[in-house]
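This briefing is meant to be read beside the coordinates.

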Amino acid sequence: MHPDTQSLKICILGAGMGGLTTALALARVGFSDITVFEIASSLGFVGAGIQMAPNMARILDRLGVWQDIAKEGVVLNETSIRQGSTDSELGHVDLKYIRETYGYPHMVGHRATLAGELYNGCLRESKSITFKFATTCEDIKFGPRPSFTAIPRKDGDPYEVECDVLLGADGVKSSTRVAMLQALDVVANVQDTNQAAYRIMLTREQMSNDPELLALIDADKVIRWIGEKRHLIAYPVSNKEIYNISTTQPDVNFAAAPSATYTTKGSKKAMLDVYDDFCPMIHRMLELVPEGEVCEWKLRVHEPLPTWVHGSVALVGDACHPTLPHLAQGAAQAIEDAAVLGVVLSHLPNNATPSDINKALKQYEKVRKERAETLVELAAASGRGLHLGDGKAKEERDKQFAALKAGKGPVPDKWADADVQRKIYGHDCVQVAEDLVKAESNSA
Ligand SMILES: Cc1cc2nc3c(=O)[nH]c(=O)nc-3n(C[C@H](O)[C@H](O)[C@H](O)COP(=O)(O)OP(=O)(O)OC[C@H]3O[C@@H](n4cnc5c(N)ncnc54)[C@H](O)[C@@H]3O)c2cc1C
């Protein structure tokens, strides 16, 4: 890359999975002036697990951080979908083929490890990447050189920042998205999914007196227990020292809350009541959550945006494609965004103009938008299928589960379906981006 291009000033708002990976991807292709602004005073990731599918692993490996993440991860060899009320198995899928087919196994890990290793990767590029924690960014403007006001929480006065490229990786509540839609005079709203999630981590020690629960943490298995409008999904993380459970249920606690509220301390009794008709083992598991440590998350998505790009500003991750977690692809898709930004911006010409930057960001949008939005839709559809109550649709779904048991047909839990996996894991976004850039430069 030409030194003029290398020294373009790039600002990233948000140090979540999307922002961290974007910073790392851009530093790795040679950009040397990258600043990441983050409201929180540190990485501050929730205590929760995360599924790390091969399409995520492939990118993180190329960025040099996967080996350290995988060290502590757990390889999932199988998945089981069960009736929540009885614990009887509806469907079982062998996941061992994934490593052979896609080059990486389906792994699960701790979010803090994933984020921590991405951050360590950025620190190794400290000549190129600067972090400004405890800094809120507001008042985003879209000129030939975008700008915003950075407001440090403690030390110093607010200051203006002008840059060549501004990337809004500021999550589902993105201020960059709000500013962009305003500038474009477009209305697109955050959508209420009417769903909420409890996120729970139990230690091996907490489970140690219950052989049935110990068997869960010892297995290389992700289990989803389903019921009408609800489910739990669980798997071991952190070298099987922690059992991670994430639930989905109708939202009652946030229903009246303003859209600014996304998490709340939950009531243990309310949590137990939601899963009242689930099997005794699940009750024993939920009983282990210490009183006062129940945390509930509101699940929100967004209407598809007309564009992710305006001038030299682009949106990344949940800022432009927040999703329900039912395909376990939200962070993976943010990481794909980052990798593609690395490709398209690395091909900028010498002395790149705002119009060159806009063209590159439009290439990013071309590679990413349709794919990410398709997966958001698929995650929602998978949730609808899993949450069916009695009736014709559920009978049809259960016929599919029965056929699966007999060895044929699609998996109603879409993330575990081989055709869906081919579409998600078999896609090499870096290659697709390289091909697009090449094709467009040949035709220019
Ligand atoms: C229950 C649940 C389970 C999930 N499971 C999985 C899974 O198994 N696999 C998977 O791939 N994904 C999963 N996801 C999705 C995944 O967590 C998200 O899609 C992903 O974390 C989004 O990353 P992001 O960087 O885009 O946004 P965030 O992680 O939200 O990061 C945005 C950052 O921007 C900062 N910020 C916001 N506004 C500003 C501002 N104005 N100035 C400066 N900083 C700002 C915020 O503080 C935050 O740190 C799950 C999600 C949920 C809710």
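By class, the shell around the ligand holds 17 nonpolar, twelve polar and four charged residues, where Ala, Val, Leu, Ile, Met, Phe, Trp, Tyr, Cys and Pro count as nonpolar, Asp, Glu, Lys and Arg as charged, and the others, Gly among them, as polar. This is a predicted model, in which local features need pLDDT of at least 70 and side-chain atom pairs count only at pLDDT 80 or more, while totals for chains, interfaces and linings use all residues. Residues are numbered from 1 along each chain as its sequence is written.

**Ligand surroundings**

- The ligand is surrounded by 33 residues, and the closest are Gly14, Gly16, Gly171, Gly317 and Gly330; a residue is near a molecule if its C-beta atom, placed from the backbone, lies within 6 Å of it.
- At least two residues of this shell are supplied by each of α2 (17–28), β3 (49–52), β9 (135–141), β13 (190–203), β18 (295–302) and α12 (330–346), with helices (H or I, at least four residues) and strands (E, at least two) being DSSP runs numbered from the N terminus.
- The largest share of the shell, four residues, comes from α12.

**Overall fold**

- The secondary structure of the protein comes to 16 helices and 20 strands, and its C-alpha atoms fill a box of roughly 65 × 50 × 40 Å along the principal axes.
- For 444 residues a compact globule would have a radius of gyration near 22 Å, and the protein agrees with this at 22 Å; the radius is taken over C-alpha atoms, and the globule rule is 2.2 Å times the number of residues to the power 0.38.
- Of the 444 residues in the protein, 48% are buried, where a residue is buried if 20 or more other C-beta atoms, placed from the backbone, lie within 10 Å of its own, exposed if 12 or fewer, and partly exposed in between.
- Among contacts between residues at least 6 apart in sequence, 75% join residues at least 24 apart, a contact being a pair of residues whose C-beta atoms, placed from the backbone, lie within 7 Å.

**Nonpolar core**

- The largest nonpolar core has 132 residues, of which Ile10, Ala23 and Ile335 touch the most other members; such a core is a set of buried Ala, Val, Leu, Ile, Met, Phe, Trp, Tyr and Cys residues joined through C-beta atoms within 7 Å.
- Leaving aside neighbours within four places in sequence, Ala23 is in contact with Ile12, Ile34, Val36, Cys122 and Ile129.

**Helix α11**

- In α11 (residues 280–287), Ile282, Met285 and Leu286 are buried.
- Seen down the axis of α11, these buried residues fall within an arc of 95 degrees, so they line one face of the helix; the arc is that of the directions from the helix axis to the C-beta atoms.
- Pro280, His283 and Glu287 are exposed on the other side of α11.
- The cover over the buried residues of α11 includes α9 (211–218), β14 (221–227), β15 (230–237), β16 (242–250) and α10 (268–274).

- Most residues other than glycine have a negative phi.
- Ala134, in the loop between β8 (129–132) and β9, has a positive phi of about 50 degrees although it is not a glycine, and it is partly exposed, with 15 other C-beta atoms within 10 Å.
- Lys240, in the loop between β15 and β16, is likewise not a glycine and has a positive phi of about 65 degrees; with 14 C-beta neighbours inside 10 Å it counts as partly exposed.

**Individual buried residues**

- Trp225 lies in strand β14 and is buried, with 26 other C-beta atoms within 10 Å.
- Not counting residues up to four places away in sequence, Trp225 touches Arg82, Gly84, His231, Leu232, Phe278 and Ile282, and its C-alpha atom is 7.1 Å from that of Asp87, although the two residues are 138 residues apart in sequence.
- Ala197, found in strand β13, is buried with 21 other C-beta atoms within 10 Å, and, beyond residues up to four places away in sequence, Ala197 touches Ser246, Thr247, Thr248, Glu296, Trp297 and Leu299.
- Pro105, in the loop between α5 (97–102) and β7 (107–110), counts as buried with 22 C-beta neighbours inside 10 Å.
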